[in-house]
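Please read the following report with the sequence and the model side by side.

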Amino acid sequence: MDMWFSEIHTPNIKLSVRVDRQLYSARSEYQRIDIFESKELGKFLTLDGKIIFSDADEFIYNEMVSHVPMAVHPNVKKVLIIGGGDGGVAREYSYYPEIEEIDVVEPDRMFVEACENFFPDMTKAFKDPRVKVFHEDGLRFLRKCMNEYDIIINDSVDPFGYTEGLFTREFYGGCYRALKDDGIMVYQHGSPFYDEDESAFRVMHRKVYRSFPISRVYQAHIPTCPSGYWMFGFASKKYHPLKDFDPERWDERGIKTWYYTTHLHRGAFMLPKYIEDLLEEEEGKREKKSK
């Protein structure tokens, strides 16, 4: 008998994956965690019925949130990852010898333990002495930080449920204060392709655009994400993702990647017309309000 996992993207669209077996199922204090094994995707993890990552495509997300700001910021010493209990972003930052400290704030211990057991390649950076994992609320953690980090990555899953506080204006203001004077924040921006997701996408951009002097959006193709099209936000106090981009410096590091390249970096910020229009509409609302 065939066994399928299905994730509902809209009332009319779902993603279905034939699975060979279910490897893990548990409910933590925060969410339901399931891990499946499939022929096409390898192992994949779901939270509350939504695919978060798979063996087949996790590298796309993790490389794009990690290497884009590293190719822009000239002197990164300290990184904060909010969420990130799967270890994928920490793994990418562990490849940079100049980074001195990588702090991961993930409240769900059970999620971290499940990832350590079933995705050892993703969580291998947790053994790096520069990596510290804090099991506490991300917003509460930020309230203790001031002018401390060069890069902050918001790696939380979505703007609903227990992570909802990580998508508020207070959160973005907390990130701003926790960053150094030339700090960069990168966050997952979702996708506005489906009408059901457009409103959250608009609100998120509006909040960040009001909080940071530089705010841009970039893209990647991630097959297991809704519509397969995913956006990231780049917010900075000083550096522009293209004007201050230094491809030669990044290429000289010789870091092995499967998705990110410095050629792709430029292209990722070249957005479709309907995305440009949507972002400009939200930015225009700010400008009208300030007049």
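Two strands are said to pair if DSSP finds at least two bridges between them. The model discussed here is a predicted one, and in the protein chain there are 10 helices and 12 strands.

**The sheet of seven strands**

Seven strands form an open sheet with mixed pairing, and their order is S8-S7-S6-S9-S10-S12-S11. Strand S8 (131-134) and strand S11 (214-221) are found at the edges, and because each has a single partner strand, one side of each is left without a neighbour in the sheet. If direction is ignored, neighbouring strands of this sheet are turned against each other by 20° on average.

In general, the strands of a sheet pair through backbone hydrogen bonds, and they do so either parallel or antiparallel. The parallel sense is seen in strand S9 (residues 149-155) and strand S10 (residues 179-190), which pair over five bridges; here Ile152 stands opposite Met185 in S10. Helix H7 (residues 195-211) packs on the sheet, where it touches S10, S11 and strand S12 (229-236), and its direction makes about 175° with that of S10. Helix H6 (residues 169-178), for its part, lies across strand S6 (78-83), S9 and S10, and runs at about 145° to S10.

The antiparallel sense is seen in S11 and S12, which are joined by eight bridges, and Ile214 has Ser236 in S12 as its bridge partner.

S1 and strand S2 (residues 13-27) run antiparallel and are joined by seven bridges, with Lys14 in S2 as the bridge partner of Ile8.

| Helix | Strand | Angle |
|---|---|---|
| H6 (residues 169-178) | S10 | about 145° |
| H7 (residues 195-211) | S10 | about 175° |

**A residue in a loop**

His240 lies in the loop between S12 and helix H8 (247-252), and because its relative accessibility is 12%, His240 counts as buried. When residues up to four places away in sequence are not counted, His240 touches Val72, Ile214, Arg216, Phe234 and Phe245. His240 and Arg216 are 24 residues apart along the chain, and their C-alpha atoms are separated by 8.4 Å.

**The chain as a whole**

The C-alpha trace of the protein chain spans about 60 × 45 × 35 Å along its principal axes. A compact globule of 291 residues would have a radius of gyration near 19 Å, and the 18 Å of the protein chain agrees with this. Of the 291 residues, 56% are buried, while the accessible surface comes to about 13500 Å², of which 50% belongs to carbon and sulfur atoms. Among the contacts with a separation of 6 or more, 67% are accounted for by residues 24 or more positions apart.

Conventions
Residues are numbered from 1 along each chain as its sequence is written. This is a predicted model: local features need pLDDT of at least 70, side-chain atom pairs count only at pLDDT 80 or more; totals for chains, interfaces and linings use all residues. Side-chain values use heavy atoms; hydrogens and water are left out. Helices (H or I, at least four residues) and strands (E, at least two) are DSSP runs, numbered from the N terminus. Axes are lines fitted to C-alpha atoms, for helices over the stretch in contact, and angles run from 0 to 180 degrees between N-to-C directions. Contact means heavy atoms within 4.5 Å. The radius of gyration is taken over C-alpha atoms; the globule rule is 2.2 Å times the number of residues to the power 0.38. Buried means under 20% relative accessible area, exposed over 50%, partly exposed in between (1.4 Å probe, protein chains only). Accessible areas come from the Shrake-Rupley method with a 1.4 Å probe; for residues, only the protein chains shown count as cover.
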